Amino acid sequence: MKSNYSNIKKINKLSIWAVFVCVFTLNLSCKKEGHTNMDEVTNSSIVEKQDISRVEPLNWWIGFKNSKLQLLIHHPNISVRTPEISYQGVSIENVHKGDSPNYLFIDLNISETTKAGKFNIIFKEENKADLVHAYELKSREKSAEDYVGFNSTDAIYLITPDRFANGKPSNDVVETLNEKTIDRTDDYARHGGDIQGITNHLDYIEDLGFTAVWPCPLLTNDMSQGSYHGYAITDYYQVDPRFGTFQDYINLSDKLSEKGMKLIMDQVANHCGLQHWWMKDLPFKDWINHQAYYEENIDNWTGGDNITTNHRRTTNQDIYASKVDKQNLNVGWFVSAMPDLNQQNPFMATYTIQNSIWWIETANLGGIRQDTYPYPDKYFMSKWAGEIMSEYPNFSIVGEEWSNNPLLVGYWQDGANNRDGYKSNLKSPMDFPMQRFIVEALNENEEWDKGLVKMYQGLANDFYYATPKDIMAFPDNHDMSRIFTQLHGDIANTKMALSYILMMPRIPQIYYGTEILMNDFDKPGDHGLIRTDFPGGWLGDQVNAFTGEGLNDAQKDMQSYLKKILNYRKNSKAIHEGKTIHFAPENGIYVLFRFNEDETVVHIINKNEAPIELDLNRFEELGLKGKAVKNVISDYQFFWGDNITLKEKGSLILTTKFK
């Protein structure tokens with residue numbers, strides 16, 4: 001018995017040791033296997049249910065500077081229920097009821113130690129079954145600093161998605177939406193262009209030399225008519241199914257990233273579409289501006305001049321502006337079909353900020369273009385931009401201030417020395433003043449105060465801007481006549497306008513079709529015509545601009561011209577960040593230089609139809625005499641001497657860089 005006991009004791013010791021080794025090895029193996037996912041946890045008690053009609057944002061992330069998250073909850077009679085969350089690191093700080101019983105707003109705090117994972121939000125009510133919603137906190141895919149926005153190294157291709165290319169005809173008509181027809185003969189109907197159409201032609205866009213794509217809004221516009229343009233959003237978390245799926249949008253972003261290109265999202269904080277889902281059940285009495293008037297007339301809504309904005313954007317800066325004028329700008333509806341959102345409501349403000357951050361993180365954005373920038377409350381816009389730039393310090397936002405006054409444009413740029421102390425946090429306003437100066441300069445005859453001097457003086461306004469190279473310049477866009485139309489069909493003038501924009505210390509944006517001289521001659525300024533279908537984007541098109549088939553010689557030449565400049569610009573640091581010197585126009589010639597230690601770029605605009613000699617000694621301070629220069633377009637090389645003969649009207653771009 002003694003011998004057997006001793007053997008059993010030894011066996012038990014060995015067994016215990018073996019179990020310990022197995023457990024230790026298994027634990028070590030698990031740690032090694034899960035090393036890259038240390039921020040993620042799995043909760044086996046999660047119930048994968050989505051009992052709640054709507055929870056927004058749809059998900060969130062760990063690791064933000066701002067640990068706060070506010071959830072909008074929309075569900076029938078949800079305000080009588082009490083939400084509960086049991087997840088380490090996540091706590092409910094407050095619960096707010098809306099004026100509608102169908103809303104709750106839940107303030108969460110997400111601690112620094114919180115791990116990524118799913119958890120249940122349980123909505124309890126006495127003597128009723130619990131409502132359960134599974135919510136996810138994700139790990140961020142890259143650091144905040146790695147979200148690098150567009151800048152002066154980029155050239156942006158602006159697209160109206162419905163009019164560019166139809167890559168997925170199966171989504172042309174969606175029966176669950178209000179506008180169910182496709183009609184390419186109607187300039188204001190939907191034509192069928194979509195996200196897949198853009199993705200299919202990224203090679204074309206890249207080959208032209210563009211580095212970023214800005215599509216007009218792609219979120220759902222469930223309006224009864226005119227929904228193609230995208231600016232009457234009816235769901236801020238849904239891609240319009242006629243443009244494609246959410247995954248189509250993510251795929252577009254991924255494909256751009258693979259090419260080293262950026263996706264810019266067009267967002268609208270000022271207004272939504274009249275058919276937005278919340279318009280049938282507004283959460284608060286002040287969720288939109290002029291809400292009482294709207295609700296009184298909701299059953300027979302035809303709009304009203306008394307609630308539309310006065311569009312007097314100068315009231316944001318005007319020290320003499322009346323209170324009523326200021327108010328009418330900020331709270332007036334843009335049009336009767338676009339309710340004005342009230343950012344003075346703190347829940348609306350938070351909703352809008354979180355929505356922008358959600359899309360940056362979800363779609364790996366390379367920038368945001370914010371529509372109608374001066375219309376909302378300007379202090380909210382400062383907060384909105386500030387929250388984004390705080391989380392993403394290298395990101396970029398461009399805001400639309402449609403003003404021809406450089407003082408107003410400069411006011412909105414971050415770093416401006418505004419007398420009222422206003423800080424916008426906006427990196428890039430839009431250069432509407434320079435757009436007008438360029439058109440006037442090229443259309444006018446040369447006189448003391450007309451012609452090229454307009455461009456010269458326009459660029460001289462840069463002394464006022466905080467950072468001129470961060471301003472976005474453009475020849476036209478989706479809301480104005482095509483540049484070829486504005487310049488009365490003059491190809492040489494069009495080339496001069498485009499080359500100047502691409503040489504200036506700016507971020508250039510070009511509208512799709514500019515490269516093939518698209519125009520609106522038949523109805524100048526008509527939005528439907530401005531946004532004409534890009535030839536070749538639809539099966540059966542007789543002309544295909546993607547391949548060049550059917551284009552005339554002038555169109556092919558312009559396409560080649562832009563391609564040459566854009567691809568040169570990609571690698572020119574002198575253009576991206578170099579110094580600028582320009583010389584006052586003389587004899588119909590305007591010369592601008594961009595330069596750094598390694599390169600000098602010379603841009604000559606010549607309005608003379610007949611040959612003319614240009615005295616190069618005037619530009620002695622650049623130190624180019626005796627140096628070899630090359631024509632960027634033709635590759636012709638020569639030595640910079642005493643003079644040069646300009647044989648024809650047009651633009652000449654020279655560089656000292658040969659590799």
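Here is a friendly conversation about how some of the descriptions of this predicted model are reached.

Student: Why are helices α4 and α7 called roughly perpendicular?

Tutor: Helix α4 (residues 246–258) and helix α7 (residues 346–363) pack at an angle of about 65°, with their axes 9 Å apart. Angles of 65 to 115 degrees count as roughly perpendicular, and α4 and α7 are therefore given that description.

Student: What makes the contact between α4 and α7, and which classes of residue does it hold?

Tutor: Helix α4 brings Phe246, Tyr249, Ile250 and Ser253, while α7 brings Trp358, Trp359, Thr362 and Ala363. Contact means heavy atoms within 4.5 Å. By class, the residues of this contact are six nonpolar, two polar and no charged.

Student: Now serine 79. Where does serine 79 lie, and why does it count as buried or exposed?

Tutor: Serine 79 is in the loop between β3 (68–74) and β4. The cut-off for buried is under 20% relative accessible area. Serine 79 has 10% relative accessibility, so it counts as buried. Leaving aside neighbours within four places in sequence, serine 79 is in contact with Lys97, Pro101, Tyr103 and Leu104.

Student: Strand β4 also belongs to a sheet. What makes β2 and β4 edge strands?

Tutor: The open sheet has four strands in the order β2-β8-β7-β4, with mixed pairing. Both β2 (60–61) and β4 (82–85) pair on one side only, and these are the edge strands.

Student: How do you know that β2 and β8 pair?

Tutor: Two strands pair if there are at least two bridges between them. β2 and strand β8 (residues 131–138) are joined by two bridges and run parallel. Tryptophan 61 stands opposite lysine 138 in β8.

Student: Let's go to α10 and α13. What describes their packing, and what is the handedness of the crossing?

Tutor: The axes of helix α10 (residues 432–443) and helix α13 (residues 491–503) come within 10 Å and cross at roughly 145°. The crossing is right-handed. On the α10 side the contact is made by Met434, Ile438 and Leu442, and on the α13 side by Asn493, Met496, Ala497, Tyr500 and Ile501. The classes here are seven nonpolar, one polar and no charged.

Student: Which residues does isoleucine 501 touch, and how far is its C-alpha atom from that of isoleucine 438?

Tutor: Apart from neighbours within four places in sequence, isoleucine 501 is in contact with Ile438, Ala473, Phe474, Pro475 and Pro508. Isoleucine 438 is 63 residues away along the chain, and the two C-alpha atoms are separated by 9.0 Å.

Student: There is also a sheet of six strands. Why do β19 and β24 stand at its edges?

Tutor: This open sheet has antiparallel pairing and runs in the order β19-β20-β21-β26-β23-β24. β19 (579–586) and β24 (637–639) each have a single partner strand, so one side of each is left without a neighbour in the sheet. From one strand to the next, the twist averages 20°.

Student: How do you know that β24 pairs with β23?

Tutor: The requirement is at least two bridges. Strand β23 (residues 628–631) and β24 are joined by three bridges and run antiparallel. Lysine 630 has glutamine 637 in β24 as its bridge partner.

Student: What links β20 to β19 and β21?

Tutor: β19 and β20 pair in the antiparallel sense over six bridges, and phenylalanine 583 has valine 591 in β20 as its bridge partner. Those two strands form a hairpin with two residues between them, where asparagine 587 in the turn has a positive phi of about 55°. β20 and β21 run antiparallel and are joined by seven bridges, with phenylalanine 593 opposite valine 602 in β21. A hairpin through four residues joins β20 to β21.

Student: What makes β20 mostly covered?

Tutor: Seven of its seven residues are buried. On one side these are Ile589, Val591, Phe593 and Phe595, and on the other Tyr590, Leu592 and Arg594, and both faces are covered.

How values were computed
Residues numbered from 1 in each chain as written. Predicted model: local features only at pLDDT ≥ 70, side-chain atom pairs only at ≥ 80, totals over all residues. Heavy atoms only, no water. Axes fitted to C-alpha atoms, helices over the stretch in contact; angles between N-to-C directions. Parallel < 35°, antiparallel > 145°, perpendicular 65-115°, else oblique. Nonpolar A, V, L, I, M, F, W, Y, C, P; charged D, E, K, R; others polar. Buried < 20%, exposed > 50% of the residue type's maximum accessible area, 1.4 Å probe, protein only. Left-handed = near helix turned anticlockwise from the far one by under 90°.
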